[in-house]
Amino acid sequence: MVDATLHKPKEIREPGVVTLSLRVIGQILSTPLGAIGMVIVALILFVTLLAPHLAPYNPLAISVKDRLAGPSFAHWLGTDQLGRDLLSRVLVGTRTAMSVAFSALFLSLAAAVPLGLIAGYGPRLLDSLMILIFDSFSSLPMIMLGLATVVLLGPGSGTVVLVIVLYCVPSYARLVRSQTLSLKERDFIKAQQAMDAGIARILFIHLLPNVIGPLLILACLDISTIITLEAGLSFLGLGVKPQIPSWGNILSDGFAVIRNSPVPVIAGGVPLILATIGFTFLGEALRDALDPRLKREKLA
Amino acid sequence: MSDQPLVLDIEDLTIRYGGVISAVDNVNLSIRPGEVMGVIGESGSGKSTLAHSILGLLPKSAHIEAARFRLSGRDVNAMDDSERAALRGPLAAMIFQNPMTAFSPIHRLGQQLSDLLWRDGQMSRAEKRERIITMLRRTGIADPAAKLDAYPFQFSGGMLQRVAISAALLMQPALLIADEPTTALDVTTEAQILHLMRELRDQSGVAILMISHHLGVIAELCDRVAVMYAGQIVEEGPVEAIFAAPAHPYTQALLACEPALIRERQGRLPVIAGEVARPGGPGCRFAPRCSVAEELCRQASPPVRPAAAEGQRYRCVRDLA
Amino acid sequence: MTAPLIETRNLVVSLRQGFQWPLLGSPKPRVDILPGLSLTLRHGEILCMVGESGSGKTTFGKALLGLANVVSGEVLFEGKTLADHKSRSFRPIRRRAALLFQDPVSSFDPRQRIRSVIAEPRRIAGLTGTGHSEIAALAARAGLPAQMLDRFAHALSGGQARRAAVARALSAEPSLIIADEPTAGLDVSVQGGVLNLFQDIRASQGTAFLIITHNLAVARLIADRIVILYLGRVVEEGEPDALFAAPLHPYTRALLHSEPVPDPMKRRSKPPVLGEVPAISRRPQGCEFHTRCPHAADLCRAVAPSLSAVSATRSVACHFPLATTRTDTGRLMTRTAG
């Protein structure tokens with residue numbers, strides 16, 4: 001108490017949750033790549049949320065007389081081989097891509113976190129068994145895995161989500177496991193054990209919040225892979241149903257008529273490239289902003 | 001004492017980080033050949049910053065100003081980075097707190113030690129090997145020839161600190177800077193290392209700058225000692241005088257807190273209340289924690305004045321002499 | 001006479017071994033950190049356990065809470081023997097004892113504010129008293145300024161972190177606090193404050209302390225009883241004044257003489273003991289200290305001495321204990337005697 005009254009301690013503003021996220025956003029925006037990523041991702045999210053209102057036409061409305069029209073004032077990106085408005089299809093396709101990506105990510109995280117925690121904190125035998133399974137899955141070529149699943153279950157959005165989940169869960173669970181393994185040897189977890197804390201308390205109050213940061217960074221970097229995977233499967237006709245607008249379907253349709261017009265392929269490809277770039281930049285900027293090692297260097 | 005130039009001669013050294021905060025402030029320090037100078041201070045006293053500045057090991061953000069900064073008569077102040085780097089070795093060498101991190105883990109010790117002899121290009125490999133073995137034996141390594149093929153992890157901490165001392169002395173420096181060299185060691189090993197350092201000083205005449213927070217280590221080894229507080233030297237003098245009759249209130253309080261100097265088991269142990277003040281502002285830096293501080297202490301910067309013993313000086317508004 | 005707070009009988013703790021398939025490969029030899037430690041800790045006493053690296057002092061503190069790989073031996077808590085060595089059996093001790101880690105900051109969840117760090121033992125035990133004012137009262141008892149409660153662990157100074165750890169320990173009203181190197185890394189000018197705090201807590205709460213340290217000077221000032229460990233074995237045990245006045249074990253004497261004395265007029269002419277502590281994987285036969293002992297005889301190299309009582313409060317494990325008459329005054333003791 002003495003030292004408090006003698007001289008005022010330096011005012012240290014502790015990072016609360018709000019100020020922390022504001023600080024992270026500020027840090028991301030301060031790098032050019034981070035800013036580009038942030039803008040692209042914001043644009044994509046904006047389109048995803050408002051796609052039906054932004055789309056000038058019904059993306060499913062077939063108009064044979066307008067088929068394969070070039071860009072015009074009425075159809076900014078022209079139309080496809082069935083006369084559907086390409087701009088509308090691209091906009092609504094963004095929503096398809098994002099809903100597949102985010103639902104797949106959410107399911108992957110929901111499955112990977114408990115699996116990783118169990119593997120990392122549970123008995124060693126269980127850990128070895130789970131690592132064996134994860135490794136077996138990761139060793140399968142992704143496209144083979146996708147094809148096999150589609151053959152078993154038939155094409156459709158659900159199948160695409162399942163393929164992505166099967167692809168993502170092993171690597172996410174491994175990350176959670178390795179984080180858990182190193183954290184559980186740290187003193188603050190030992191201190192919990194010494195205080196006779198229950199396993200749920202250790203896992204969910206102390207381990208999980210410390211594991212989730214790196215996991216979210218990995219997930220953000222993975223979104224571009226997932227989008228490409230979804231588009232790829234759809235392009236091969238193994239993904240979302242052909243009539244539903246998706247970037248992969250637009251690409252696939254455009255590929256068939258590429259001799260007539262390159263516009264459909266470009267219209268399907270550019271948003272895919274943009275989204276890949278945007279999420280990758282954002283993920284990397286997020287990693288730099290959250291990486292404790294870099295932060296420590298700045299403090300020193 | 002002799003005509004030889006001072007091994008280290010620093011006048012009015014100030015080191016700032018980010019322009020404002022001075023980690024080292026207005027420091028004068030000189031070391032004669034063969035002298036063991038101790039710098040004692042608690043965390044935040046700037047003792048390590050001072051030691052690192054001598055070898056130019058501070059980060060780029062450090063801004064160094066000095067009226068005089070000489071190593072064995074050579075003006076370090078005027079040198080650029082590469083010239084300063086060339087001084088590491090012949091003029092001054094350093095040993096660190098943790099010997100485990102002072103060596104590369106993937107190379108054999110013999111290789112790492114002979115790399116230090118790169119300056120002596122004309123020396124043959126066999127000669128270098130001979131010199132390394134002699135040096136290792138002098139620092140108390142048994143069977144040194146066999147140890148040349150070993151990797152650092154095969155040594156204990158105490159043994160590695162001996163090897164680190166050999167490595168530093170191989171370059172025949174005029175000044176050996178030791179930054180808390182025994183803090184990471186066991187107390188029985190610490191006693192051996194301190195003994196070794198004194199022995200090497202007596203044999204080779206190398207001067208030593210000993211940085212420590214441990215009063216016992218300073219008393220055991222040093223000829224003179226400088227007491228640092230918040231970036232300033234608050235008292236300096238012969239080690240016997242400082243321990244027998246400390247003049248500065250901080251030195252007095254520090255000695256009073258040392259458990260090994262407390263005779264009786266009394267009810268409560270002494271402490272210095274408060275924390276190290278952030279440097280800056282007028283007045284004595286120790287004033288907020290000083291038990292005899294007056295109003296004047298908080299306003300004016302205290303002068304350096306001589307104390308009773310010869311060569312003992314302290315920085316305080318009170319006149320004891 | 002009530003039962004002691006904690007008693008261990010021949011407690012053996014070894015390094016954890018990796019999985020080994022049955023019948024495949026030769027079994028790895030077991031490496032013992034503590035090869036059989038018997039110790040009694042009484043209610044309300046301050047016991048200092050002193051030793052160098054490899055002495056197993058930290059391991060012993062953790063073993064009492066079931067955080068080490070206990071292989072055999074008995075642990076009695078308030079007279080009752082724990083059922084087995086499984087982590088769960090140590091729950092009665094965990095509820096009544098608190099552990100202060102050597103590095104307090106690392107023992108706090110980096111994402112928790114100090115306020116909720118301190119409240120945690122109460123939450124775990126399902127106790128009330130986790131409100132703002134109760135936690136502030138706990139912090140005040142530990143001498144931690146209230147404005148520190150809203151900070152995260154990394155924003156505390158060394159002394160403050162220590163006090164926060166003590167506040168957390170106090171929040172479960174323990175009957176034993178195990179403190180691992182409570183003054184390591186602290187400046188001399190603040191370490192006294194932490195030790196005073198321990199004594200205050202003992203005086204007001206009757207809490208027993210097991211203080212694990214390598215600092216004999218600190219142990220001399222606060223311990224009721226000192227236990228000297230070497231390679232996991234008790235070599236000597238006694239009350240501080242007697243121990244410092246006349247060490248019976250050559251290792252105790254070497255330790256006393258090794259600590260550099262803050263008095264330049266009392267420099268040593270030669271180091272009091274040569275060599276270093278052997279690795280626990282290469283534990284010497286017979287008496288563990290014989291490789292460094294100036295008085296070692298053939299008997300010492302062959303047979304390990306057992307700990308035997310010299311008086312009611314003093315015991316030593318040595319075949320040839322230093323003669324009590326030929327008092328080889330410890331250098332620290334010359335000062336105590338004045």
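Guide: A helix here is a DSSP run of H or I with at least four residues, and a strand is a run of E with at least two. The model is a predicted one. By that count chain B has 11 helices and 13 strands.

Visitor: Why is chain B called as compact as a globular protein of its length?

Guide: The globule rule is 2.2 Å times the number of residues to the power 0.38. For 321 residues the rule gives 20 Å, and the radius of gyration of chain B is 21 Å, close to that value, so chain B is as compact as a globular protein of that length. Along the principal axes, its C-alpha atoms fill a box of roughly 70 × 50 × 40 Å. Of the contacts in chain B with a separation of 6 or more, 64% are between residues 24 or more positions apart.

Visitor: What share of the residues of chain B count as buried?

Guide: A residue needs 20 or more other C-beta atoms within 10 Å of its own to be buried. In chain B, 47% of the 321 residues count as such.

Visitor: Which residues have the most contacts inside the largest nonpolar core?

Guide: They are B:Leu175 and B:Leu209, in a core of 268 residues. Helix α4 (residues 86-121) of chain A gives the most to this core, 16 residues. Leaving out residues up to four places away in sequence, B:Leu175 touches B:Val7, B:Leu8, B:Ile31, B:Leu71, B:Leu91, B:Ala92, B:Ala207 and B:Leu209. In soluble globular proteins, nonpolar side chains tend to be buried together.

Visitor: What makes strand β8 of chain C largely enclosed?

Guide: Six of its six residues, 208-213, are buried, so the strand is largely enclosed by the rest of the structure. In a regular strand the side chains alternate between the two faces of the sheet. Both faces of β8(C) are covered, with C:Ala208, C:Leu210 and C:Ile212 buried on one side and C:Phe209, C:Ile211 and C:Thr213 on the other.

Visitor: How do you know that β3 of chain C and β8(C) pair?

Guide: Pairing requires at least two bridges. Strand β3 (residues 46-50) of chain C has five bridges with β8(C), in the parallel sense, and therefore meets the requirement. Strand β7 (residues 176-180) of chain C is also joined to β8(C) by five bridges, and these two run parallel. C:Phe209 stands opposite C:Ile46 and opposite C:Ile177.

Visitor: Which residues of helix α3 of chain C are buried, and what covers them?

Guide: In α3(C), residues 114-125, the buried ones are C:Ile114, C:Arg115, C:Val117, C:Ile118, C:Ala119, C:Glu120, C:Pro121 and C:Arg122. Their cover includes α4 (132-141) and α5 (158-170) of chain C. Just after the helix, C:Gly126 takes a positive phi of about 70°.

Visitor: How many residues does the contact take from chain C and from chain B?

Guide: It takes 37 from chain C and 38 from chain B. The largest share of the side of chain C that touches chain B comes from α6(C), with seven residues. By class, that side has 19 nonpolar, 10 polar and eight charged residues.

Visitor: Where does pLDDT stay under 50 in chain A?

Guide: Over residues 1-18, with 21 contacts beyond four places in sequence, and over residues 293-300, with one such contact. For chain A the mean is 83, and 90% of its residues reach 70 or more. Where pLDDT is low, the predicted coordinates should not be read in detail.

Technical notes. Residues numbered from 1 in each chain as written. Chains lettered and ligands numbered in written order. Predicted model: local features only at pLDDT ≥ 70, side-chain atom pairs only at ≥ 80, totals over all residues. Buried ≥ 20, exposed ≤ 12 C-beta atoms within 10 Å, placed from the backbone. Contact = placed C-beta atoms within 7 Å. pLDDT = per-residue confidence, 0-100. Core = buried A, V, L, I, M, F, W, Y, C linked by C-beta atoms within 7 Å. Nonpolar A, V, L, I, M, F, W, Y, C, P; charged D, E, K, R; others polar.
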